[in-house]
Amino acid sequence: MNKSENPVQPLKFKPLSLSQAEHVEAIRRRSGSTLYVYTFASLFAWKEDEKYEICFSEDAFLIKNGTEGKNAYLFPCGSDSGKKSLLDSLLKYEAPEFYCLTDKDKAFLEAEYPGRFEFTERRNDFVYLFDKDAQIALKGKDYKKQRHQINIGKASAKEWKFQLLTEANVERAIKINQEWTEIKGNNGLADSKAAQCALENFSQLSMFGLIFQADGKDTAYIAGSFITPDTFDLAFCKVLGERQDFYVRWEFFRSLPQEVKTIDSEEDLGIEGLRINKLSRHPKELVRIWKGSLKL
């Protein structure tokens, strides 16, 4: 066989590890991807729940999503040539299904493989983006209910204290996470294990967060990561007290660096209460998400 033919080989996947963080983030940043799911912090936190495995090719990476099925993947992240290389390899050996496609990803598949994929809109996976400054200022009648909820939360304790999450106090946040799960259950979110993984590797994942005390008792934490200097992924928010979440979130927004303009509040998973909550806070944008399946 002529060596120049360079036959497509089956892709080789391996478990996610902290040693891959810098490589994954470099690829993601160069690609311009701002979807939270592709941040290494998110991928690593959810690696067990979603049974994630990773494959690198050129300037791109591909995540196998074992929870969704044998041939299920997140759409590749990286340069156009890198994504094309990964896609060509997959299509040579199987009929893949892709999750977390944006409109841009959908257009890429349609342009590179015309007529070969069908697409399903995934409303439960739409990503909520909020204007940070608007969520702090809360001006006008549209935010009247939010202002009211914040006041209720603030008044629920005589004294509030909060501090940055660090290696020195992250164990307290882990205890809050465990207590929240014991008291409230996963409540349909099923993110307690992912949150614990993120907290246990807080520094290695370059995360940012706050821990809150109400009248001297640890009562809440928020943790996430910077997608870009101006966009923050609010990944985990656990509040033990009743009707305190609006206040806790508001104080957290005020603690973020001034250059942060957008809060990625992730999806609502089709949970009615969560959808109502997110919509009531007036997102500035809903990022449409698709599933792409190879036509058989």
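In the predicted model, cysteine 237 is partly exposed, with a relative accessibility of 23%. Cysteine 237 takes part in no disulfide, since the nearest cysteine sulfur, belonging to cysteine 197, lies 19 Å away. Cysteine 77, in contrast, is buried, and its relative accessible area is 3%. For cysteine 77 the closest cysteine sulfur is that of cysteine 100, at 11 Å. A disulfide is a covalent bond that joins the sulfur atoms of two cysteines. The two sulfur atoms must lie within 2.5 Å of each other to be counted as such a pair, and the 11 Å between cysteine 77 and cysteine 100 is therefore too far for a bond. The structure as a whole holds 0 disulfides.

The largest nonpolar core comprises 66 residues, of which Tyr38, Phe61, Leu74, Phe98, Leu199 and Phe236 touch the most other members. When residues up to four places away in sequence are left out, leucine 74 is in contact with Val37, Tyr38, Leu43, Tyr52, Leu62, Ile63, Asn65, Phe98, Tyr99 and Cys100. Another core, of 25 residues, lies apart from the largest one; Leu138, Ile150, Phe212 and Val248 are among its members.

Helix α1 spans residues 21-31, and its buried residues are Ala21, Val24, Glu25, Ala26, Ile27 and Arg28. In an α-helix there are 3.6 residues a turn, so residues three or four places apart point the same way. The buried residues of α1 pack against helix α2 (40-45) and against the strands β2 (52-56), β3 (60-65), β5 (77-78) and β11 (217-228). After α1 comes glycine 32, which has a positive phi, near 80 degrees.

Definitions and conventions:
Residues numbered from 1 in each chain as written. Predicted model: local features only at pLDDT ≥ 70, side-chain atom pairs only at ≥ 80, totals over all residues. Heavy atoms only, no water. Core = buried A, V, L, I, M, F, W, Y, C linked by side-chain atoms within 4.5 Å. Buried < 20%, exposed > 50% of the residue type's maximum accessible area, 1.4 Å probe, protein only. Contact = heavy atoms within 4.5 Å. Helix = DSSP H or I, 4+ residues; strand = E, 2+ residues; numbered from the N terminus.
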